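Work through the exercises below with the sequence and the 3D structure open. Try each task before reading its solution.

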Amino acid sequence: MKIICIGRNYAQHIAELQNERPTEPVIFMKPDSAIVLKQHPFVMPEFSNDIHHEIELIVKINKVGKYIDAKFAHKYYDEISVGIDFTARDLQNELKAKGLPWEKAKAFDGSAVIGEFLPKSKFNSLENITFELTNNNQTVQKGNTSHMLWKIDELIAYISQYFTLKIGDIIFTGTPAGVAAVKPDDVLEGFLEGNKLFSIQIK
C-alpha cells in the first residue's frame, strides 16, 4: 500500500506557515515504513529538533481505480479516520529554501499515525465533519472538512490522474491550522466527531 498526502488544503494553515495558496492540490507520498505500529510510541528522530503534529482526516481506498471521475469517487472508499502527518519542520524549511523535495522531512520512519477506521455511513455528510487533536488533554488542532479547499471526492479524482489507487491505499487530506512542536512525554489523541480513534505517546 501507499500513503498519498495532500498539502495546503486549509486556508488558515497556509496562512500560519506563510505559504502560497496553491491553484491545484499539492501531493507528496509516504512509504508504508512511515506508519507507526499499533501500541508503539512515536520516537523523536535524531535529525530534527522541531517535529510538528499535523492531524488530518484520512480515507482508505477499497478498490482499484485510475482516472476516476469526481462524481464516482465516493464508490472507492467506505471508511474514514484521522491520522497524524508528523513533520520535521526545521528540515522541511531547509529543503524548501533550496527547492528540494520534502521526503526527508515528511516520509521518515514513524512519520504517520493511522487511527481506527469508521464506516463513512456513520456520518450524515462527509463535507461537514469535525475532527480534533489533543495534546495532554488540551485541544491543539480542530478542523472541519467544510473548510477544505478540495473535498475528498475531488482529491481522489485528482490523485487518480497521476497514480493508480489500489486497495488499502490511504489518503491524508490535509491539516487545519494549529500545527506545533511535540516533545517527549506528550500524549496525542485524535478524535473524529467525538470518537477517539488514536492515542500515541511521544518518546
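The model is a predicted one. Begin with a charged pair.

**Exercise 1. Are E54 and K106 buried or exposed, and what joins their side chains?**

Step 1. Both E54 and K106 are buried.

Step 2. Their side chains meet in a salt bridge, at 3.2 Å from N to O. The cut-off for such a contact is 4 Å, so the pair qualifies.

Step 3. E54 is in the loop between β3 and β4 (55–61), and K106 is in helix α3 (residues 103–106). The pair links distant parts of the chain, 52 residues apart.

Step 4. Widen the view. A network of salt bridges links K30, E54, D85, R89 and K106. Across the whole structure, the search gives nine salt bridges.

**Exercise 2. In what order do the three strands of the open sheet lie, and which strands stand at the edges?**

Step 1. The order is β6-β3-β12, with antiparallel pairing.

Step 2. β6 (87–88) and β12 (180–181) each have a single partner strand, so one side of each is left without a neighbour in the sheet. These two strands are the edges.

Step 3. Check one pairing. β3 (residues 51–53) and β6 run antiparallel and are joined by two bridges. H52 has T87 as its bridge partner in β6.

**Exercise 3. Which strands are joined to β4, and by how many bridges?**

Step 1. β5 (residues 77–85) is joined to β4 by seven bridges, and the two run antiparallel.

Step 2. β11 (residues 170–172) is joined to β4 by three bridges, again antiparallel.

Step 3. Follow K60. Its bridge partner in β5 is E79. Its bridge partner in β11 is I170.

Step 4. Look at the cover. Six of the seven residues of β4 are buried, so the strand is mostly covered.

**Exercise 4. How are the ring pairs F42–F108 and F47–F108 classified, and why?**

Step 1. Start from the total: the whole structure holds six aromatic pairs.

Step 2. For F42 and F108, the ring centres are 6.5 Å apart and the planes stand at 55°, so the pair is tilted. F42 lies in the loop between β2 (26–30) and β3, and F108 in the loop between α3 and β7 (112–114), so the pair ties together parts 66 residues apart in sequence. F42 and F108 are buried.

Step 3. For F47 and F108, the centres are 5.4 Å apart and the planes stand at 80°, so the pair is edge-to-face. F47 lies in the loop between β2 and β3, so this pair ties together parts 61 residues apart in sequence.

Step 4. Compare the accessibilities. F47 is partly exposed at 45%. F108 is buried, with a relative accessible area of 9%.

Step 5. Join the pairs. Ring pairs link F42, F47, F86 and F108 into a cluster.

**Exercise 5. Over which rings do the charged ends of K66 and K120 sit?**

Step 1. The charged end of K66 sits over the ring of Y67, 4.8 Å from the ring centre.

Step 2. The charged end of K120 sits over the ring of Y77, 4.0 Å from the ring centre.

Definitions and conventions:
Residues are numbered from 1 along each chain as its sequence is written. This is a predicted model: local features need pLDDT of at least 70, side-chain atom pairs count only at pLDDT 80 or more; totals for chains, interfaces and linings use all residues. Side-chain values use heavy atoms; hydrogens and water are left out. Two strands pair if DSSP finds at least two bridges between them. Helices (H or I, at least four residues) and strands (E, at least two) are DSSP runs, numbered from the N terminus. Buried means under 20% relative accessible area, exposed over 50%, partly exposed in between (1.4 Å probe, protein chains only). Rings of Phe, Tyr and Trp (its six-membered ring) pair if their centres lie within 6.5 Å; planes under 30 degrees apart count as stacked, over 60 as edge-to-face and the rest as tilted. A charge sits over a ring if NZ of Lys or CZ of Arg is within 6 Å of the ring centre and within 35 degrees of the ring normal.
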